[in-house]
Amino acid sequence: QVEFVHPPITEDKDENLSSEFLRLLPMLALPEGAHITEAGYVYFQLRDARNTFHCVSCFRQIKADSLKNKEESVSRTFVQKAVCVLSRLPLYGETRAKLHPTTEAFFAQKDFKDTKILAELFNSANQFNTFGIKDLSQVYTALNFRQLFELPNYGVLSLIKCLMLEGRIVVYSQLSSRTSSFIYSLIALMPGCPFF
């Protein structure tokens with residue numbers, strides 16, 4: 001479930017998250033299998049007729065006994081949460097560079113009710129260029145092109161050909177961060193970079 005949103009949701013429907021986005025967000029921000037690792041990240045998009053949000057989520061887990069204010073609803077040994085940034089600019093690497101240390105600090109507090117650091121992240125993240133991306137290197141920060149050329153069975157050209165022919169490709173890894181990085185790196189090789 002979504003526990004905190006900053007800035008708070010307003011009545012302006014053009015600038016706002018749709019109810020569909022809010023329904024999908026927990027499932028995408030904390031992907032299946034995230035429990036097998038102590039921390040990780042994932043890239044994804046939320047898109048409708050009006051808006052496209054480029055999302056970066058950093059997730060972690062912490063021992064429930066170490067929390068300062070343990071809620072009664074916590075019944076498991078570990079508590080797992082994600083901190084997610086939704087941006088109109090596809091600056092995945094730069095967003096993750098700001099989000100990762102914030103997520104670590106948020107968990108180090110051991111008090112998820114104290115959300116001041118998340119509001120500060122919003123102010124920090126909004127220091128990006130709001131008039132568009134002038135330097136394309138910002139877009140490609142943190143994309144791992146090397147992993148594309150180290151594929152053991154299929155070459156990167158086969159994957160690009162499959163994408164161009166609208167074939168179906170299944171990308172699997174136990175680590176969601178590796179999977180999302182691979183997918184976005186592959187798409188970035190395409191002319192026009194359709195996810196931008």
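The legends below describe close-up views of a predicted model of one protein chain.

**Figure 1. The protein chain as a whole, with six helices and three strands.** Along the sequence, the elements of the protein chain come in the pattern α-β-β-β-α-α-α-α-α. The protein chain has 196 residues, and 38% of them are buried. Among contacts between residues at least 6 apart, 64% join residues at least 24 apart.

**Figure 2. The open sheet formed by three strands.** The order of the strands is β1-β2-β3, and the pairing is antiparallel. Which strands stand at the edges of the sheet? They are β1 (39-47) and β3 (78-87). Each of these two has a single partner strand, so one of its sides has no neighbour in the sheet. On average, and with direction ignored, neighbouring strands of the sheet are turned by 25° against each other. As background, the strands of a sheet pair through backbone hydrogen bonds, and the pairing is either parallel or antiparallel.

**Figure 3. The pairing of β1 with β2.** Nine bridges join β1 to β2, and the two strands run antiparallel. Together β1 and β2 form a hairpin, with four residues between them. Two pairs of residues can be picked out in this view. Y43 stands opposite V56 in β2, and V42 has S57 in β2 as its bridge partner.

**Figure 4. The pairing of β2 with β3.** Strand β2 covers residues 52-63 and is joined to β3 by 10 bridges. The two strands run antiparallel. V56, which is opposite Y43 on one side, stands opposite V85 in β3. Further along, I62 has V79 in β3 as its bridge partner.

**Figure 5. G33 in the loop between α1 and β1.** Is G33 buried or exposed? The relative accessibility of G33 is 18%, and because buried means under 20%, G33 counts as buried. The C-alpha atoms of G33 and S176 are separated by 7.8 Å, although the two residues are 143 residues apart along the chain.

**Figure 6. The packing of α2 and α3.** As background, two packed helices are described by the angle between their axes and the distance between the axes. For α2 and α3, the angle is about 170° and the axes are 10 Å apart. Angles over 145 degrees count as roughly antiparallel, and therefore α2 is roughly antiparallel to α3. From α2, the residues that make the contact are K98, L99, T102, A105 and F106. From α3, they are I117, L118, L121, S124 and A125. By class, the contact has seven nonpolar residues, two polar residues and one charged residue.

**Figure 7. The buried residues of α3.** Which residues of α3 are buried? They are I117, L118, A119, L121 and A125. These buried residues pack against β3 and α2. As background, an α-helix has 3.6 residues a turn, so residues three or four places apart point the same way.

**Figure 8. K110 in the loop between α2 and α3.** The loop that holds K110 runs between α2 (92-108) and α3 (116-125). Phi of K110 is near 60°, which is a positive value in a residue other than glycine. K110 has a relative accessibility of 34% and counts as partly exposed.

Note on methods
Residues are numbered from 1 along each chain as its sequence is written. This is a predicted model: local features need pLDDT of at least 70, side-chain atom pairs count only at pLDDT 80 or more; totals for chains, interfaces and linings use all residues. Side-chain values use heavy atoms; hydrogens and water are left out. Buried means under 20% relative accessible area, exposed over 50%, partly exposed in between (1.4 Å probe, protein chains only). Axes are lines fitted to C-alpha atoms, for helices over the stretch in contact, and angles run from 0 to 180 degrees between N-to-C directions. Angles under 35 degrees count as roughly parallel, over 145 as roughly antiparallel, 65 to 115 as roughly perpendicular and the rest as oblique. Contact means heavy atoms within 4.5 Å. Ala, Val, Leu, Ile, Met, Phe, Trp, Tyr, Cys and Pro count as nonpolar, Asp, Glu, Lys and Arg as charged, and the others, Gly among them, as polar. Two strands pair if DSSP finds at least two bridges between them.
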